[in-house]
Amino acid sequence: MAWPGEAPDFRIQLRQILAFAFQQGLPVALWRLPNMQQAQLCLSFSDEAAFVGLTPVLEPKAPAGFAFFPFRDSDHNPAQFLPANVFFDTANPTELQISTALEEEDEAHMQELLAFLGTAPPSSSTPLTWHVSPQPVPHTATRAEYAALVRKAVATIEQGHLRKVVSSRAARQLLPVGFDVLVAFGELHRRYPTAFVSLVSTPSAGTWLGATPEKLVEVDEDGVFRTMALAGTQPLTPDLTPQTAMWTGKEIEEQALVARYIVSCFKQLRLRDYDEIGPRTAAAGQLLHLRTDFAVPLRQVPHPTLATDMLRLLHPTSAVGGMPRQAALDFLQAYEGYDRAYYSGFLGPVNMPNPGIARVFVNLRCLQLREDEAILYAGTGLTAFSDPLREWTETELKLATAGAVLGGKVD
Ligand SMILES: C=C(O[C@H]1C=CC=C(C(=O)O)[C@@H]1O)C(=O)O
């Protein structure tokens, strides 16, 4: 349908929809795909309807919406799938797409939304008061605590119980005066053109902003399935380019384990025909990573549910958990010492705007907004060769990606 009322400017329109979602306690997701200019938004008319508990189904007949999954599914951090009741694309700002399958109670929300948009002042200064998670602020590790965690992981690897584990930590930073969540989204959009940039806000999960470089599972408009093995990190300094970067044995091993895990998932599904390109060096903001890209043309393989099956097998990948997978997850549960919540979970649009297209990313380089502070998250892949101080420095570099929208130093 046509945008109700005056369609002043897509930024103001996004602000109006976000203001409505926040005032009404409704879930909302705003995202910008890698290498695209336009942003898209999905608004749901019910917080309860977003609770699904199951890994989303990615096939074309499955519901359309935005997946927002935690690292570890729990009552504190429920798996969510925001139904696409309303879809807005800044490429097409005179239109608002409303789902045809609305429940009776959703109709009332729809009328309220239309009335709100029809009468809201077209102002770029409407304040936005985002949803805040009901969960407590997580423990934030000191440098000494993080070093102890890295040493414990290295010892466990040396004893032969693990090959790799990805430890992580959270950090807190006060929001700058006048912080605006939509301006921050725009800043991530501008700074990180090749990332998946997102703002997800629901009453139960709180508000998350991020710019992730890691694709988990994609099915594109040509029916091609893609995933990637991303690991190994070094700063992108002025004297370096992706072509000239050199990698240590530690980083090569770390990334190879992730690639091998993806291949083992294909094997489990008895899929032999896949393209594998890499590893190559890829830039992500101010960092470089090693990356292997995998692709499968779904129209040429007898495996129509490959994307859903791979999503179930891959999450959490060894780029955020470790190898062997269960042993690494058990180690993190026992020793990491804080709740990752939606950091290193996954997120992205499914069958939206069109059926058959899904783009799901790992929630990295992200932060969670509280009333007056941000919680930032970052992790590092550990092998037998990891050094505690280097790993701490690497988390600082990673925290700075999303932290760039806060100004000042993150501790
Ligand atoms: C766990 C994170 O990054 C992963 C992805 C790329 C490189 C990584 C690394 O070098 O450790 C991590 O596996 C994070 O950004 O918090």
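Where is the place of A341? I looked, and A341 is in the loop between helix 7 (325–335) and strand 15. Helices (H or I, at least four residues) and strands (E, at least two) are DSSP runs, numbered from the N terminus.

Ground rules for this notebook. I am working on a predicted model, where local features need pLDDT of at least 70, side-chain atom pairs count only at pLDDT 80 or more, and totals for chains, interfaces and linings use all residues. Residues are numbered from 1 along each chain as its sequence is written.

I checked phi of A341 and got a positive value, near 55°, in a residue other than glycine. A341 is also buried, with 25 other C-beta atoms within 10 Å. My cut-offs: buried is 20 or more other C-beta atoms within 10 Å of a residue's own, exposed is 12 or fewer, partly exposed is in between, and C-beta atoms are placed from the backbone.

N351 has a positive phi too, about 55°, and is not a glycine. I found N351 in the loop between strand 15 and strand 16, and with 21 C-beta neighbours inside 10 Å it counts as buried. P353 lies in that loop between strand 15 and strand 16 (358–362) as well, and the peptide bond from M352 to P353 is cis, omega near 5°.

I noted another cis bond from H315 to P316, with omega near -10°. P316 lies in the loop between helix 6 (306–314) and strand 14. I flag these spots because most residues other than glycine have a negative phi, and most peptide bonds are trans.

**Strand 3 and F68**

Next I went to strand 3 (residues 65–69). 5 of its 5 residues are buried, so strand 3 is largely enclosed by the rest of the structure. Strand 3 is joined to strand 4 (residues 80–83) by 4 bridges, antiparallel, and F68 has Q80 as its bridge partner there. With strand 15 (residues 346–350), strand 3 pairs in the antiparallel sense over 5 bridges; F66 has P349 as its partner in strand 15. Pairing here needs at least two DSSP bridges between two strands.

I listed the contacts of F68 (C-beta atoms, placed from the backbone, within 7 Å). Leaving aside neighbours within four places in sequence, they include A29, L82, V200 and Y342. F68 is also among the residues with the most contacts inside the largest nonpolar core, which has 111 residues. Such a core is a set of buried Ala, Val, Leu, Ile, Met, Phe, Trp, Tyr and Cys residues joined through C-beta atoms within 7 Å.

I traced an open sheet of 10 strands, in the order 6-5-2-1-8-9-17-18-7-14, with antiparallel pairing. Its edge strands are strand 6 (97–98) and strand 14 (322–323), each pairing on one side only. Strand 1 (residues 28–32) and strand 8 share 5 bridges, and W31 stands opposite S198 in strand 8.

**Y192**

Which residues does Y192 contact, leaving aside its neighbours within four places in sequence? I got V197, A211 and G285. Y192 sits in the loop between helix 4 (181–191) and strand 8 (196–202) and is buried, with 23 other C-beta atoms within 10 Å. I also logged P213, 21 residues from Y192 in sequence and 9.1 Å away in space, C-alpha to C-alpha.

Methods:
Contact = placed C-beta atoms within 7 Å.
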